[in-house]
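Hi,

Here is the structure I promised to send over. Have a look at it first, and then read my notes below.

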Amino acid sequence: MNQSTAPAPRRVHEIDAVRGFALGGILAANIGFFADPGYAADLGTMPLSEGPVDLVVRTLTLTKFYVIFAFLFGYSFTLQRRAWGEGDVRTRMLRRCLSLFVLGVLHGLLLWAGDILTLYAVLGVLLLAMRGIRPRTAIRAGCWIIGVTAAIWLVLAGLVMSDLVGMPPPAPGGAASARVEAMVTGGPLTFLRFQLETYPVLAPIVWLGQGSTAMAMFLFGMVAGECRLFEERERWAHLVPRILWLGYGVGMPVAVAVTWTSQSHGATELFGLAVNTVTSPLLSAAYVVTLLALIGRVPAIGRALAPAGRAAASNYIGQSVLACLVFTGYGLGLAGRLTPVAVMGVAAAIYVILLVLSDRWLRHHRQGPVEWVLRRFTTSAPAPARAR
């Protein structure tokens, strides 16, 4: 047996199911940008910003599922450390982060300008450097990161209210939005040109907007992994009522308010971002607890979601591929032509298609195609592609 081949981490199926669930929320949050590319004419606006359907989706998904996804990244890091051993974790994690970064750049340039893989790659290196800190220190650091981020938003809101700092007015639609829509739907080359123009502008916004919260959740997830939170759920079962109360009793009303403030353009929006930074983890935790309870009662839900979670990178890229085939010049070019209800219908169809494809693929392979490429680059020897 080749000693350089790392043993695969023991699958924690609850993590796979939660990750598969989070992929659905990420798709629902992102698909509006494919369907309504006019946001690129004014990066301060949200796509599909009219109608009750969009408001409901934004309330339920805005930042919540990225929080879950980031938490699971930190949790999975601990599983990889156990599988690789401390002797190999540094080299392999650095190689994995480099491969994620390259994949993210290609994803951002060719498919989806809002890619988060490059951000995760860079923060993954920071997480690697912090792997030796005590759990209590990691929790405190994560709380400080969230608190400081919220404070920055509050300070900006105060400066705007006092007229010490002005926010640029929303860009008018018309010609700019029409040009963007024409580029997105005109054909493969014009859409590629749109990506090349938009990605360098949008990538720093994604990093600044999500970076601090993602790092905090990486740290929380790393501590949860070290405590085997998903493997030993009975240890925190007594906290479930409190998590649900805080999530739905505090986090959900705040999410509704934040959705309302996102329609504004000024201090109110900044204040909403500050509050959302603090409360999003609460509502995200309630989502996860609710899902685990449902899986406990209806195991078929977990079995349906877990394959997508096992092939999370393949699904994340696959969402962009299918969305591009529907909305951009790579395919049907339907951007700007569908109602919000129809757009959510497309999102549901894409999600179901990827769930089915993931299940069928993993019946014959150990990991998704993108995961296979990442692991081949990460480890010194390629992982077996087919299941025994």
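Arg228 sits in the loop between helix 8 (188–226) and helix 9; helices here are DSSP runs of H or I with at least four residues, strands are runs of E with at least two, and both are numbered from the N terminus. Arg228 has a positive phi of about 55° although it is not a glycine. Most residues other than glycine have a negative phi. Arg228 is partly exposed, at a relative accessible area of 36% (buried is under 20%, exposed is over 50%, partly exposed is in between, with a 1.4 Å probe and protein chains only).

Before you go further, some ground rules. This is a predicted model, where local features need pLDDT of at least 70 and side-chain atom pairs count only at pLDDT 80 or more, while totals for chains, interfaces and linings use all residues. Residues are numbered from 1 along each chain as its sequence is written, and side-chain values use heavy atoms, leaving out hydrogens and water.

As for the overall picture, the chain has 14 helices and 0 strands. Of its 388 residues, 48% are buried. Take the contacts (heavy atoms within 4.5 Å) between residues at least 6 apart in sequence: 81% of them join residues at least 24 apart. The accessible surface comes to about 18300 Å², and carbon and sulfur atoms account for 69% of that (Shrake-Rupley method, 1.4 Å probe; for residues, only the protein chains shown count as cover).

Now the rings. Phe, Tyr and Trp (its six-membered ring) pair if the ring centres lie within 6.5 Å; planes under 30 degrees apart are stacked, over 60 edge-to-face, and the rest tilted. By this rule there are 13 aromatic pairs. One of them is Phe69 with Tyr120, a tilted pair at 6.5 Å centre to centre and 40° between the planes. That pair links distant parts of the chain, with Phe69 in helix 3 (residues 64–84) and Tyr120 in helix 5 (residues 117–129), 51 residues apart. Phe69 is buried at 12% relative accessible area, and Tyr120 is buried too, at 3%.

Tyr248 and Tyr287 make another pair: their ring centres are 6.5 Å apart and their planes are at 45°, so this pair is tilted. Here Tyr248 comes from helix 9 (residues 240–261) and Tyr287 from helix 10 (residues 267–297), 39 residues apart. Tyr248 is partly exposed at 33%, whereas Tyr287 is buried at 10%. Ring pairs also join both tyrosines with Phe21 and Phe65 in a cluster.

There is a charge over a ring as well: Arg95 lies over the face of Phe377, 4.8 Å from the ring centre. The rule asks for NZ of Lys or CZ of Arg within 6 Å of the ring centre and within 35 degrees of the ring normal.

Last one: His107, in helix 4 (residues 86–110), is buried at 2% relative accessible area. Leaving aside residues up to four places away in sequence, His107 touches Trp112, Asp115, Tyr316, Ile317 and Ser320.

Cheers
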